[in-house]
Amino acid sequence: PVDRSPEIQEARLKLPILAEEQVIMEAISENPIVIICGETGSGKTTQVPQFLYEAGYASSNGTIGITEPRRVAAVSMSQRVAKEMNLSHRVVSYQIRYEGNVTDETQIKFMTDGVLLKEIQKDFLLSKYKVVIIDEAHERSMYTDILIGLLSRIVPLREKKGLPLKLIIMSATLRVEDFTDNNRLFSVTPPVIQVDARQFPVTVHFNKKTPLDDYSGECFRKVCKIHRMLPSGGILVFLTGQAEVHALCRRLRKAFPFQKNNTADDDKEESVEEIRKFKKSRKRKKVMTLPKIDLDNYSVVPVDEGDEDRDAETDDDIAGSDIDLDLGDGDSEEDEKSDSSLPLYVLPLYSLLAPEKQAKVFRAPPPGTRLCVVATNVAETSLTIPGIKYVVDCGKVKKRFYDKITGVSSFRVTWISQASANQRAGRAGRTEPGHCYRLYSSAVFMDFEKFSAPEITKRPVEDLILQMKALNIEKVINFPFPTPPPAEALAAAEELLIALGALKEPPMTGRLKQQLAAKLSCPISPLGRIMATFPVAPRYAKMLALSRQHDCLPYAITIVSAMTVRELFEEFDRPAVSEEETAKLKGKKARLLQMQRIWAGQGPMQKLGDLMVMLGAVGACEYAGCTRKFCEENGLRYKAMLEIRRLRGQLTTTVNSVCTDAGLYVDPKMKPPTEAQATYLRQIVLAGLGDHVARRVQAEELLDDKWKNAYKTALLDDPVFIHPSSVLFKQLPEFVVYQEILETTKLYMKGVSVVEPE
Ligand code: ADP
Ligand code: MG
């Protein structure tokens with residue numbers, strides 16, 4: 001029996017999935033595998049685990065496991081379910097790569113999909129679980145896809161053992177054919193239960209024109225108009241990245257300032273609704289109620305004009321004018337003026353944001369204000385923000401793109417898919433009819449691809465292949481992938497793993513060897529097994545496996561942690577809203593550059609380049625107690641530093657379990673490496689990144705201008721450059737090894753250190 005509070009109980013009863021509880025539980029009891037589809041917000045993530053718990057699926061020796069593709073969701077959903085069920089975090093817990101609160105008492109466990117994959121390596125049958133729920137399967141994240149493939153085999157194995165495991169796949173869309181029409185995956189097609197979304201109608205308004213580049217500016221103008229002209233209700237804006245989110249937040253806060261202390265005096269306080277009405281009448285604009293349009297059948301113009309309930313307070317003489325909820329495209333000169341009578345409570349939301357700041361979006365905004373959340377893609381399906389009535393969708397998403405062969409990656413802002421656009425629009429209709437403003441034309445929308453491609457077809461797969469080989473899946477090509485990765489990506493991964501020594505090399509050379517590698521059937525080597533135990537990319541795992549000599553492990557662990565977490569330093573090259581801010585950013589950047597030169601060390605240490613900077617930064621931060629203050633003063637990203645600290649702890653524990661005599665611990669007062677150690681560290685780095693060596697172009701004066709200061713790599717025909725943020729940017733050593741190549745305006749190497757041919 002679950003003891004829920006009356007408010008929670010009332011909120012639950014409103015969720016569409018509650019009506020389906022019996023159908024769902026019967027399907028689960030009669031079938032080993034069940035697929036549940038339901039709109040975001042219908043209650044899948046929060047309620048299905050509770051149904052299972054109440055039906056007795058959890059016990060002291062059987063956990064209900066739920067996987068999420070995003071860490072944000074794993075953490076916040078475990079907290080929400082614990083709260084709804086009135087149970088402690090010892091019982092409803094979470095585990096993500098760096099942390100968790102799982103105990104012996106845990107019966108409902110939320111985790112990222114990568115965590116469950118690691119558990120399969122230790123216990124292929126997942127014997128401690130009675131039920132595994134794969135959530136957000138529509139996102140088609142790489143680990144989710146692999147888990148579904150693996151579980152399709154684990155479920156029958158558990159059946160044979162007489163210890164049945166239930167598998168539930170949950171998706172926000174009905175597009176599940178890759179799972180259902182796939183005989184190799186599930187020989188018996190699992191039943192699909194569709195939860196009827198009690199979605200309120202959302203009117204979709206397309207821009208007449210699509211802004212060429214300034215979609216942030218267009219977002220700003222649209223939010224201003226909504227806030228000035230439309231009835232109360234939260235606004236959710238979709239942008240593509242953290243810098244954009246912050247810039248828009250600042251601009252909006254400036255336009256509609258909100259003083260926290262102003263709201264203390266209740267008498268003086270006017271509701272935002274009243275203020276708005278007052279302003280409205282002053283501006284002689286009218287408020288209209290919302291036309292009803294089904295999301296599946298939306299149109300550019302609001303239909304059902306006759307249904308509109310005209311606001312009695314508006315002046316009749318403007319009733320015939322064309323003020324409509326479309327709000328129009330483009331500029332309006334009054335937008336930038338600061339207006340403190342209309343406070344807007346602006347919150348950012350993106351995955352790198354600190355968890356306590358992320359949690360703010362779930363709370364009600366301060367009285368008298370309107371909530372406006374400026375978010376990246378995280379708000380598309382994994383989190384449901386309460387009270388959103390208006391969605392502003394820029395139609396773009398920032399994604400990391402990889403070259404299948406070279407692994408060169410770039411962040412690109414591209415149009416979203418139609419499916420994503422519809423998900424985004426749906427966020428507006430959770431609690432009442434809503435509106436979605438698309439900052440692009442309906443013609444542009446029609447050109448969007450219908451769905452985005454599964455992640456597994458888009459990125460290098462060496463980490464995945466190593467994990468699979470560690471599970472003794474030798475012929476990767478025969479694995480029941482929901483959608484298989486491209487053959488060339490599989491071959492590139494196999495070749496890299498052979499080069500790293502993680503797979504046993506075929507006993508021949510030349511063409512034949514290549515052919516064999518192309519068949520993708522090399523078994524894992526003993527070194528590969530050790531590498532697979534480290535929760536980092538195979539290249540970095542190799543570095544760790546080599547670092548026992550010269551007492552280099554603590555340094556290698558720190559460097560690998562820093563390279564894995566990425567983005568240690570704050571980004572100060574961002575657009576500022578005022579001159580004052582520009583000056584502040586400049587000061588902070590100068591300070592960071594100065595610190596980086598110090599962290600880069602002296603003498604031979606400097607040859608470790610950017611990796612020495614990482615080591616020095618982590619060392620200095622830990623020495624100072626890894627405080628937020630230290631990070632803010634020195635341009636370090638606090639959240640990254642905390643993650644590095646956790647990953648160092650985790651890698652240290654793993655090393656100790658692999659070699660029991662290592663006796664390692666995380667030393668907060670780690671001394672800088674000696675000269676000999678620094679030299680050895682460079683060799684270790686080279687062993688993991690052997691194919692990432694670049695040579696300064698010779699006789700560049702003979703080449704054309706684009707080769708100025710350039711490097712040549714084995715993989716690419718085009719010139720590559722040391723990134724301006726590198727401490728080696730000005731030195732231009734003859735040979736370098738790089739962590740990765742990122743393509744922006746040019747091909748840039750990041751994480752660079754010096755190689756000296758011996
Ligand atoms: P689904 O998984 O189908 O998208 P969820 O189970 O995540 O749906 O959400 C169901 C409801 O629970 C939503 O209306 C959402 O607003 C609410 N909810 C989820 N998390 C929280 C939270 N942390 N605080 C308040 N409400 C929440
Ligand atoms: Mg969900």
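This is a predicted model: local features need pLDDT of at least 70, side-chain atom pairs count only at pLDDT 80 or more; totals for chains, interfaces and linings use all residues.
Residues count from 1 along each chain as written, chains are lettered from A and ligands numbered from 1 in the order written. Local features need pLDDT of at least 70 and side-chain atom pairs 80 or more, while totals for chains, interfaces and linings use all residues.

**Exercise 1.** Work out the strand order of the open sheet and find its edge strands.

*Solution.* Start with the order: seven strands run S3-S4-S2-S5-S6-S1-S7, with parallel pairing. Strands here are DSSP runs of E, at least two residues, and helices are runs of H or I, at least four, numbered from the N terminus. To pair, two strands need at least two DSSP bridges between them. Next, look at the ends: S3 and S7 (192-195) each pair on one side only. Finally, check S1 (33-38) against S7: four parallel bridges join them, and Gly38 sits opposite Val195.

**Exercise 2.** Find the buried residues of H5 (113-122) and what they pack against.

*Solution.* Apply the cut-off: buried means 20 or more other C-beta atoms (placed from the backbone) within 10 Å of the residue's own. That picks out Asp113, Gly114, Val115, Leu116 and Leu117. Then look for contacts, meaning C-beta atoms within 7 Å. Their partners are S2, S3, S4, H6 and H14.

**Exercise 3.** Describe the shell around ligand 1.

*Solution.* Count residues whose C-beta atom lies within 6 Å of the ligand: there are 16, with Lys44, Thr45, Thr46, Phe362 and Thr384 the closest. Now trace where they come from: H3 (44-54) and H4 (71-85) each give two or more, and H3 has the largest share, four residues.

Note on methods. A residue is buried if 20 or more other C-beta atoms lie within 10 Å of its own, exposed if 12 or fewer, and partly exposed in between; C-beta atoms are placed from the backbone. Two residues are in contact if their C-beta atoms, placed from the backbone, lie within 7 Å.
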